Amino acid sequence: MEKQEIVEKINHFLVEEFEVEPVKINPEANLRETLELDSLDYIDLVVVIESNFGFKVKPEDFISIATFRDFYDYVERQVGEKVST
Amino acid sequence: MAGQLPNHDITQYIPQRPPMVMVDELVQAEANLAVTRFTILPDNLFLVSNQFREPGLVENIAQTVAAMVGYHYSQKNIPVPIGYIAAVKDLEIGSFPAEGSVIETTVMITHQVMDVTVVRGKVEQSGKLICSCEMKVVAKA
């Protein structure tokens, strides 16, 4: 899966599932603040990622994710690892 | 453990006690799926105008999750954790079963994230889907 396809897929479910305004989706924006995530939203986010990209998310993975760009990069890495194994 | 189960007292698997018990029988218990059966008696707490209403249906799904978890823990002789409903999402109710109805409820674990179990639940009456939702349940030992 190409990076652009991953980004579009993520942006699509952020708008559809998390009701994020498309104009607020910016690679440098803070993910948590933009999405106004509470603990249950995190669970939803994990569920959506696992359902859409087919890999298991470890909760600690989120520690290093601050911006949307970090999030895209994380998913891209995990999808790449899944393909290579 | 799979398939049909012996008709044990379901309260050995769940923490609720009458009049809050909303499942009668654990019909099937797989690793990620369980089925219960429940007859809605005239003295049920959640009957309104002879209809088993929303809180009863949601509690019935939650207790089916509890019965599945309780069954598997009891098989391993491990103390059963207490579960709490954390969230209910996409709740759809087609109809309210009437007093005297028998409902069959299926839950399937779709995701496990830390202490949170995400399940899809559905309630059927005579094979017809009457209620479904996604439920998040938090388990604390």
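Is B:Asn77 buried or exposed? Select B:Asn77 and show the surface: B:Asn77 counts as exposed because its relative accessibility is 72% (exposed means over 50% relative accessible area, buried under 20%, partly exposed in between, with a 1.4 Å probe and protein chains only).

Before moving on, some ground rules. This is a predicted model, in which local features need pLDDT of at least 70 and side-chain atom pairs count only at pLDDT 80 or more, while totals for chains, interfaces and linings use all residues. Residues are numbered from 1 along each chain as its sequence is written, chains are lettered from A and ligands numbered from 1 in the order in which they are written, and side-chain values use heavy atoms, leaving out hydrogens and water.

**Still on chain B: the loops**

Stay with B:Asn77 and look at its backbone. Phi is near 55°, a positive value in a residue other than glycine. You're in the loop between α1 (54-75) and β5 (82-93) of chain B (helices are DSSP runs of H or I with at least four residues, strands are runs of E with at least two, and both are numbered from the N terminus).

Now select B:Ser49, in the loop between β3 (47-48) and β4 (51-52) of chain B. B:Ser49 isn't a glycine, but its phi is positive, about 50°. With 67% relative accessibility, B:Ser49 counts as exposed.

Next, pick B:Pro18 and B:Pro19 together. The peptide bond from B:Pro18 to B:Pro19 is cis, with omega near 10°. B:Pro19 sits in the segment before β1 (25-29) of chain B.

**Into strand β8**

Go to B:Met135, in strand β8 (residues 128-140) of chain B. B:Met135 counts as buried because its relative accessibility is 0%. What is B:Met135 in contact with, leaving aside its neighbours within four places in sequence? Show residues with heavy atoms within 4.5 Å, the cut-off for a contact, and you'll find B:Val58, B:Ile61, B:Ala62, B:Ile85, B:Ala87, B:Val88, B:Thr117, B:Val118 and B:Val119. Then draw a distance to B:Met108, 27 residues apart from B:Met135 along the chain: their C-alpha atoms are separated by 10 Å.

**Over to chain A: helix α3**

Last stop, residues 39-53 of chain A. Helix α3 has 15 residues and reaches 21 Å from its first C-alpha to its last, close to the 21 Å expected at 1.5 Å a residue (the expected span is 1.5 Å times one less than the number of residues). Its buried residues include A:Ile43, A:Asp44, A:Glu50 and A:Phe53. At the start of α3(A), a side-chain oxygen of A:Asp38 comes within 3.1 Å of the backbone nitrogen of A:Leu40. Following α3(A) is A:Gly54, with a positive phi near 75°.

How values were computed:
Polar contact = N/O pair within 3.5 Å; in protein donor to acceptor, adjacent residues only side chain to side chain.
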